[in-house]
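Please keep the sequence and the coordinates in view while reading.

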Amino acid sequence: MHPEPMDELDRELETLQHKPMSDGSDDELLTDVGFMFDDRMEKVTCEFKYGRVSVLLSYVEDNPGFVQSGHYVWPAAPALCEYMEANFASLPRGHVVELGAGCGLAGLVFAQLDPSSQIIFTDHDPGVLKTIEHNVKMQSHREQAKCYTQSLRWGSVGAKEIEAIEQLQTNGKSRMTNLIVGTDVIYAREIVRMLFWTIDRLLANDGQFLMCSSFCYDEETEAEIDAMCTKYNLKRKIISCALPKGTRIQLFTRN
Ligand SMILES: C[S@@+](CC[C@H](N)C(=O)[O-])C[C@H]1O[C@@H](n2cnc3c(N)ncnc32)[C@H](O)[C@@H]1O
């Protein structure tokens, strides 16, 4: 598979997030994204229970405020977990990917709901991927699906990372993800285009993308989501909406 050329937005993000170090070292300096280092903050471990599912989760127990950090548990995550537990029979199984997974609550809940699935937790923050690995180990006393972590940046900058996901899923076959979950993953209109580029690359023909959010988007962001649905031939369905105080769950499927 040949990655598409980077568009301008992706280039901007690439420059912002992965500026090479000036001494020529191979290491990448993650600039302007201080939240990526929140893994130094003190974490608590709490139990999240949904029916027969019980997940022990380490995370930073605080109000995340406006910083897009995955080291906290955002309100959309427990809301989607409740939905998945109550509606498990209607959810697809098999290859599951969590996007912008943060501490991985939604993926860990699905891992217990269906131990025969494979869960790939993804995020662009190396710190949260470490936390997820720790959180996966914390459930080892319970039956759960096979879990993997994979760095993934949304948009075409993440094309190589998607190839790694495809290798983990089916030795390189594309668009094999049966279920994609994302909680509080849209925080700006600009991110929508990159997020849906990634969804289109991963989602199987009969797959589902379940997205839960805990804050209202402005009109431009809503319009951008609709535009991406048109571009990628996706159907958008609002499953439940209790915004502005609660959460909104949406389902995206291919037309
Ligand atoms: C608001 S947090 C939500 C975390 C978690 N899903 C939850 O609900 O608790 C957004 C997450 O998306 C990740 N993220 C933001 N922009 C991203 C991008 N361009 N590519 C990949 N991950 C991204 C962040 O690192 C963070 O973990």
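The model is a predicted one, in which local features need pLDDT of at least 70 and side-chain atom pairs count only at pLDDT 80 or more, while totals for chains, interfaces and linings use all residues. Residues are numbered from 1 along each chain as its sequence is written. Helices (H or I, at least four residues) and strands (E, at least two) are DSSP runs, numbered from the N terminus.

Helix α4 covers residues 126-138. Its 13 residues reach 19 Å from the first C-alpha to the last, close to the 18 Å expected at 1.5 Å a residue; the expected span is 1.5 Å times one less than the number of residues. The buried residues of α4 are V128, L129, T131, I132, N135 and V136. Seen down the axis of α4, these buried residues fall within an arc of 160°, so they line one face of the helix; the arc is that of the directions from the helix axis to the C-beta atoms. An α-helix has 3.6 residues a turn, so residues three or four places apart point the same way. The cover over the buried residues of α4 includes β4 (53-59), α3 (105-113), β6 (118-123) and β7 (146-151).

Helix α3, part of that cover, is itself mostly covered, with eight of its nine residues buried. These are L105, A106, G107, L108, V109, F110, A111 and L113. In soluble globular proteins, nonpolar side chains tend to be buried together. Leaving aside neighbours within four places in sequence, V109 is in contact with Y50, V53, V55, C81, M84 and E85, where contact means that the C-beta atoms, placed from the backbone, lie within 7 Å.

Helix α2 (residues 76-86) contributes A76, A77, A79, L80, C81 and M84 as buried residues. Over them lie, among others, β3 (44-50), α3, β8 (177-183), β9 (203-213) and β11 (248-254). A77 of this helix is buried, with 30 other C-beta atoms within 10 Å. Beyond its neighbours within four places in sequence, A77 is in contact with L105, A106 and T183. A77 and D184 are 107 residues apart in sequence, yet 7.5 Å apart in space, C-alpha to C-alpha.

T183 also belongs to the surroundings of the ligand: 20 residues surround it, and the closest are G70, W74, G100, G102 and T183.

Most residues other than glycine have a negative phi, and most peptide bonds are trans. N171, in the loop between α5 (159-170) and β8, has a positive phi of about 55° although it is not a glycine, and N171 is exposed, with 8 other C-beta atoms within 10 Å. N233, in the loop between α7 and β10, has a positive phi of about 60° and is exposed, with 9 other C-beta atoms within 10 Å. A cis peptide bond joins L243 and P244, with omega about 10°; P244 lies in the loop between β10 (234-241) and β11.

For the chain overall, the secondary structure comes to seven helices and 11 strands. Of its 255 residues, 39% count as buried. Among contacts between residues at least 6 apart in sequence, 67% join residues at least 24 apart.

Technical notes:
Contact = placed C-beta atoms within 7 Å. Near = placed C-beta within 6 Å. Buried ≥ 20, exposed ≤ 12 C-beta atoms within 10 Å, placed from the backbone.
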